[in-house]
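Have the viewer open while you read.

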Amino acid sequence: MMLQKRQADDDIAQAAWLYYVGNLSQQEVSKRLGISRFKVLRMLADAREQGLVRITVEHRTSRTLALADQLVDGFGLQEVQVAPTGAATDDDVMSRHAVAILASGYLARIAGADSQATVGLGWGRTLSAMADNLTGVRNTGLTFVSLMGSVTYASHTAPGDVCVRLAAQTGGRAILLPAPFVTDSAVACEGIMSQRLVREAMDVARKADHALMSVGECREGAILFDSDIFTADQIQQLVDAQVVGDCCGVFYKADGTVADIELNRCTPCVQPADMAKMDTVLLAGGVGKLASTLAVLRAGFVKKLLIDEGLAVALVQARKDLGG
C-alpha cells in the first residue's frame, strides 16, 4: 500500500514537473505519460494541494508601487513591498498569505546575497506561512534564531518551530531561545535571563544581521487574548495601559511607546534598542492590524515593511487623518 502511494506521488510530481517546469501543454503531458487529459488536470490539482507546486506572482502594480513610496516617505523606511491584493479586501487569510509570499522572496534574497547570515525570527501565522512558501533556497551559512520565548503548547507558528523548519529547508542551523513567551513575574524573568543557555542564545539573537517579525493585536478576539497565554491580571494590565499591539514580546501603546507595565518586564526577548544595527523587517497582513502596525512603525526600529494592499491603503489614510 505504501509503495502504491509513493508511486502515485511520484507520478503527480512528474506531471507537475513536465507542465510547470518543462512548459508542456496538458495535452502534451497526457501524451507523454500515456494518461487522459482529465487525469492530468486532477494530478496538477493534487500537486498544488500537496504543496508540491507553489505559484508566486512577482509583478508589482503601479498602484502598489505608489503606495510603497508613500509609506517609505511617511514612516522614514528604507523599503516597502505591497502585495497587490486589492484595497477593499477583508480576507485576512488571503492577506497574510500574500505577505508571506513577499517575505519568502525577501528571505530568498537574503540567502542569495550573503554567504553567512544570522536571521532573527519572531512568531505568528504570517512567519509560519513564509516558511511554507520558501523553496529552492540552500545556504549552509544561514543561522535562524528566536528573538523571543516560545509557548508551552505545540504550534506550527511558534518561534522554535519556524526556526527549525527554515533551518531544515535551507541546510542552515537553528538556535532556539530556551525560555517561555511570558514568565510569572519580572523577578522570574530576570532569573531565566541569567541562565547560561538563555544568555548564549540571546547573545546570538542580539547580533542578528536580519530580523523578520510580525505584529500582533491586543484586543478582544485577538490570538494573544484568546490563547490562555496570559493571566487575567496580565490581560487587565494591557487593557488599562491601552496597549494596541505587540512585536516580538514587547507591548506598545498607540503612540509607539513601550507600555510601562509589569508584563513588559516578564517577556524574555530581544528589545527594540537591540535592533538598531539589524535589518529589521516587519510583516503585516490584514486591515485588522492597522492600530498595532501603526504603533510598531511609530516605535521607530522597523526599517522595512512587507504588507498587503488593503492595510497599506489604511496606513496611508491614517497618516493623513492624523495630519502627518
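How many disulfides does a search of the whole structure find? The search turns up 0 disulfides. Keep in mind that this is a predicted model. Some of the cysteines are worth a look anyway, together with a few other residues that come up below.

| Residue | Relative accessible area | Class |
|---|---|---|
| Cys-163 | 0% | buried |
| Cys-218 | 8% | buried |
| Cys-248 | 4% | buried |
| Val-40 | 0% | buried |
| Asn-133 | 11% | buried |
| Gln-242 | 59% | exposed |

**The sheet**

Now for the strands. The sheet is an open one, built from 7 strands with parallel pairing, and its order reads β1-β10-β9-β5-β2-β3-β4. Which strands stand at the edges? Those are β1 (79-83) and β4 (173-175); each has a single partner strand, so one side of each has no neighbour in the sheet. Ignoring direction, neighbouring strands are turned by 20 degrees against each other on average.

Strand β5 covers residues 210-214 and strand β9 covers residues 279-284; the two run parallel and are joined by 5 bridges. His-210 sits opposite Asp-279 of β9.

**Helices across the sheet**

Two helices to pick out here are α5 and α7. Helix α5 (residues 92-113) lies across β1, β2 (117-121), β3 (142-146), β5, β9 and β10 (304-308), and its angle to β10 is about 145 degrees. Helix α7, residues 159-170, lies across β2, β3 and β4 and runs at about 175 degrees to β3.

Helix α6 spans residues 125-133, and Asn-133 belongs to it. Is Asn-133 buried or exposed? With 11% relative accessibility it counts as buried, because the cut-off for that class is under 20%. Its side chain reaches the backbone oxygen of Ala-129 at 2.8 Å.

**The α2/α3 pair**

Helix α2 (residues 26-33) packs against α3 at an angle of about 105 degrees, and the axes are 9 Å apart. The two helices are therefore roughly perpendicular to each other, since that label covers angles from 65 to 115 degrees. On the α2 side, Gln-26, Gln-27, Val-29 and Ser-30 make the contact, while α3 brings in Arg-37, Val-40, Leu-41 and Leu-44.

Setting aside neighbours within four places in sequence, Val-40 is in contact with Gln-26, Val-29, Ser-30 and Ile-35. Val-40 and Asp-11 are 29 residues apart in sequence, and their C-alpha atoms are 9.9 Å apart in space.

**Two positive phi angles**

Last stop: backbone torsions. Most residues other than glycine have a negative phi. Gln-242 is not a glycine, yet its phi is positive, at about 55 degrees. Cys-248, also not a glycine, has a positive phi of about 55 degrees.

Where are they found? Gln-242 is in the loop between α11 (232-240) and β7 (243-247), and Cys-248 is in the loop between β7 and β8 (250-253).

Notes. Residues are numbered from 1 along each chain as its sequence is written. This is a predicted model: local features need pLDDT of at least 70, side-chain atom pairs count only at pLDDT 80 or more; totals for chains, interfaces and linings use all residues. Side-chain values use heavy atoms; hydrogens and water are left out. Helices (H or I, at least four residues) and strands (E, at least two) are DSSP runs, numbered from the N terminus. Buried means under 20% relative accessible area, exposed over 50%, partly exposed in between (1.4 Å probe, protein chains only). A polar contact is a pair of N or O atoms within 3.5 Å; within protein, one must be able to donate a hydrogen and the other to accept it, and residues adjacent in sequence count only if both atoms are side-chain atoms. Two strands pair if DSSP finds at least two bridges between them. Axes are lines fitted to C-alpha atoms, for helices over the stretch in contact, and angles run from 0 to 180 degrees between N-to-C directions. Contact means heavy atoms within 4.5 Å. A disulfide is a pair of cysteine sulfur atoms within 2.5 Å. Angles under 35 degrees count as roughly parallel, over 145 as roughly antiparallel, 65 to 115 as roughly perpendicular and the rest as oblique.
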